[in-house]
Amino acid sequence: MDTDTPQHETATTCAYCGVGCGVLASSHADGSVTVKGDPAHPANFGRLCAKGAALGETFEQHGRLLYPQIDGARASWDDALSLVADSFTKAVHEHGPDSVAFYVSGQLLIEDYYVANKLMKGFIGSGNIDTNSRLCMASSVAGHKRAFGEDIVPGVYEDLEIADLVVLVGSNLAWCHPVLHQRLIDARRNNGTKIVVIDPRKTATTADCDLHLALDPASDVALFNGLLSYLFERGACDDDYVARHTSEFPLALAAAAPYVPAEVARRCGLDEHDVLAFYAMFMRHRRTVTVYSQGVNQSSAGTDKVNAIINCHLATGRIGRPGSGPFSVTGQPNAMGGREVGGLANTLAAHIDFDDEIGVSDIAAFWQAPQLVQQSGLKAVDLFDAVAVGKIKALWIMATNPAVSMPNADHVRVAIDACPFVVVSDVVERTDTNAAAEVLLPAAGWGEKDGTVTNSERRISRQRAFRAPPGEARADWHIISEVAVRMGYARAFNFTDSASVFREYAAMTTLESGRPRKFDIGALAHITRQEYDSMLPVQWPLAGSGADHPQVRLYGNGEFSTTNGRARFVATKWRAPAAQTNNAVPLKLTSGRVRDQWHTMTRSGLSPRLSHHIAEPYVEVHPATARKLDISDADIVDIIKGSDKVLVRALLTDRIAPDTLFVPMHWSDQNASKARVNTLFAPNVDPISGQPELKFSAVDARRFDARWYGFAVTRARPDDPTVAYWARMRTQAGWRMELAASRDSAPTNAAEFAHLFARLCGPTPTTATLSQFSDEAKNHYRFAAFNGGRLLGALYVSPHPVSASRVWVSSLLQKPLTASEQRAVLAGTAGAVAGDVGALICTCNAVGANTIARAVVSGSHSVQMVGEATSAGTGCGSCRMEVQTIIDQTAVRNGA
């Protein structure tokens, strides 16, 4: 059978961000998977970003959790499930229902979320189920509920395409939601849409904007309070709309009054002229969408930031109308679905809160749950604090890695390790969190499980299985149901498949509530298995069905989900972050995502393609700050907060403000020696949403005094080396690793480096040959091992950061080498042997920096021309800023 011929093509939904792109996945006879965008899906119309396009590379059995484990040993499903059920039952019996907790994830499907929420809140009788969405979207939830009475995103993606002005706040849309960004850029090209970016950093998103406001971190409330005051003073508010459809406007206006443009400029660190330019643009363009994400939410004042933005839209009547409205874009594929189901500890289910007596009573009757919880449970930070002090006796973590992603991550890891009973459901065997578990349960992953997700525009799409789970992995909803049955709740958890779970969930959304509620998918409560299998993307409220039904906006008629039907203005006030810089910690630290990686890299880190763009943890440092700290480009840097620190590579750039640092959040102890940046963020939370501050910390930094630097490629996965700094990532046919050692550590001579190289390569055939170069006086060493003309590994050591052509050397693992190529390996550069494409810039089309530079020298002097010559930037477009940087740098080098 031809292994290149697809066995079938399955329409499913991407596993990454909240855009919810449709994917067509093809499974091949040899086990490989290829993917492409689904042109019929209304979220992406066939487009995919680099991460989505590489999903086929993430199916790898090595490293998967294949069988249940108890204390590190393989166990049967029956033994593992019985132990989980018995441990939770025992804790509840001896210490009460609040002695147990679930910590779940936006990676779960709606069906998984529903069963977990039902078990914890309905039958165990505790509110202690929270989700990692608490870390990214909880402030939006709280802001929506304060303003609208319900957690509702009023707008749709189409609004970005028909708006006259799009304001992006705390959102690097080009890297974090690339497909949505491309829809916006197309609108800019076709319609002249104006774009304002509000972000402390220059990012790929700022490359395509009319105005960039690089405000100080945490100053958003001052900026938008100033905008509200500006609009009122200039008579730009919609007085009729405010009078008929809102309440409490005078209170919000009084709170905003002190924020005159000069004061806003001072508090935000902006030029007053730029502030006024933004205000004038907002006032002038009736069709305005304000898109915001983690830069707003991940703050100890996140809820006030959200409401300060919403206030400006309410004041101008720009809510729920075509091309107008505040728009929260979610970070996970089912973060919205988890919020709808009730996965947050402070909500019950289906947009019904604990203070809704009618709704609570109806849910108790619907579930036939006499022990239904009556009050909120512990939010994420409080939950792990309770674990730390011994209040939580049994903890179940599902599809997330809190030992890396939570603030004060070392404290969280210690807390999990000390908990009397921990069970983790996951697709991979080794994570920082799994190391502390008594029981590991193998879960089915993307492409293996079946269910639904809700994206940022309230569109429910199917995730479909197109291959069998490996080993004994099972769907999460099924695992949870089996535990529930063993705890004595068989009648309530007798689900036969994911469709039966979805039907029950849809039916619940029709229950009565004590206040108006827009969320209702009851029309799907009687869906058959066949209809569920063939279900097209559907947006609620259900005005129709199928991918081509009209866009559904909410609140355009001025009728909100509050008891009086009016939206509420909220008085907001700027306040300084809880963390403050001083002489001991003089630098501001912020964090976020990189273009081609995702969360803690348990999935995206499996893709060699995605690993080439940025292969190690790094810190952005402004050149002026670097001079003060005696840090040079590519040095290793210690970033310190108290007894906690991370080691990362220095990247000098003016994209970041002086005395501010940026470190990505993706690296864990599984792929770097010490790069879990969330150890440096204190658990300071928003008092309303409970969302922790992950965009501001006060730290110090210093250059790591390295004795030597190293770079290695190996065919086999190298073990963790015993050096201070290392970072390990995939390549197409092996692994690459960056290294650096402290002054007082070995190796120090050729023999010791040869031994290190042998350890990195692992066992090699007896027929392998070794080439090496040593200059002990200058501390330069190079090693390469070959077998039958194939490269087994190479190591380059230098007293300075190694200058080897990393992508080229890594590519040599894929093919037999000629004699001249083998000789070139020790040099670490292609030279005249072959063209070196350079560092990967365009992941979609595998275009490197050198290829782009050669195109520029040959006459391609714009991003468009480079794209035509090389295809760089013609995929998802998220590399366009980097392409422009290479154009500029090449022009400077060539005297243009």
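Two strands pair if DSSP finds at least two bridges between them, and strands (E, at least two residues) and helices (H or I, at least four) are DSSP runs, numbered from the N terminus. With that in hand, welcome to a predicted model, in which local features need pLDDT of at least 70, side-chain atom pairs count only at pLDDT 80 or more, and totals for chains, interfaces and linings use all residues. Residues are numbered from 1 along each chain as its sequence is written, and side-chain values use heavy atoms, with hydrogens and water left out.

**Strand 26 and its partners**

- Strand 26 (residues 697–703) pairs with strand 21 (residues 587–592) in the antiparallel sense, over three bridges; here Leu-587 stands opposite Val-699.
- Strand 23 (residues 636–641) also pairs with strand 26 in the antiparallel sense, over four bridges, and Val-637 faces Arg-703 of strand 26.

**Strand 12, covered on both faces**

- Five of the five residues in strand 12 (residues 288–292) are buried, where buried means under 20% relative accessible area, exposed over 50% and partly exposed in between (1.4 Å probe, protein chains only).
- Thr-288, Thr-290 and Tyr-292 lie on one side and Val-289 and Val-291 on the other, and both faces are covered.
- Strand 8 (residues 165–169) runs parallel to strand 12 and is joined to it by five bridges, with Val-166 partnered by Val-289.
- Strand 13 (residues 325–328) also runs parallel to strand 12, through four bridges, and Ser-328 of strand 13 stands opposite Tyr-292.

**Helix 8 against helix 10**

- Helix 8 (residues 220–233) and helix 10 (residues 249–256) pack at an angle of about 110°, with their axes 8 Å apart; axes are lines fitted to C-alpha atoms over the stretch in contact, and angles run from 0 to 180 degrees between N-to-C directions.
- That angle makes helix 8 roughly perpendicular to helix 10 (65 to 115 degrees; under 35 is roughly parallel, over 145 roughly antiparallel and the rest oblique).
- Asn-225, Leu-228, Ser-229 and Phe-232 of helix 8 meet Phe-249, Ala-252, Leu-253, Ala-255 and Ala-256 of helix 10, contact meaning heavy atoms within 4.5 Å.

- In helix 20 (residues 476–486), the buried residues are Asp-476, Trp-477, Ile-479, Ile-480, Ser-481, Val-483 and Ala-484.
- Their cover includes helix 2 (77–95), helix 3 (110–124) and helix 21 (498–508), along with strand 14 (394–398), strand 15 (421–426) and strand 16 (439–442).
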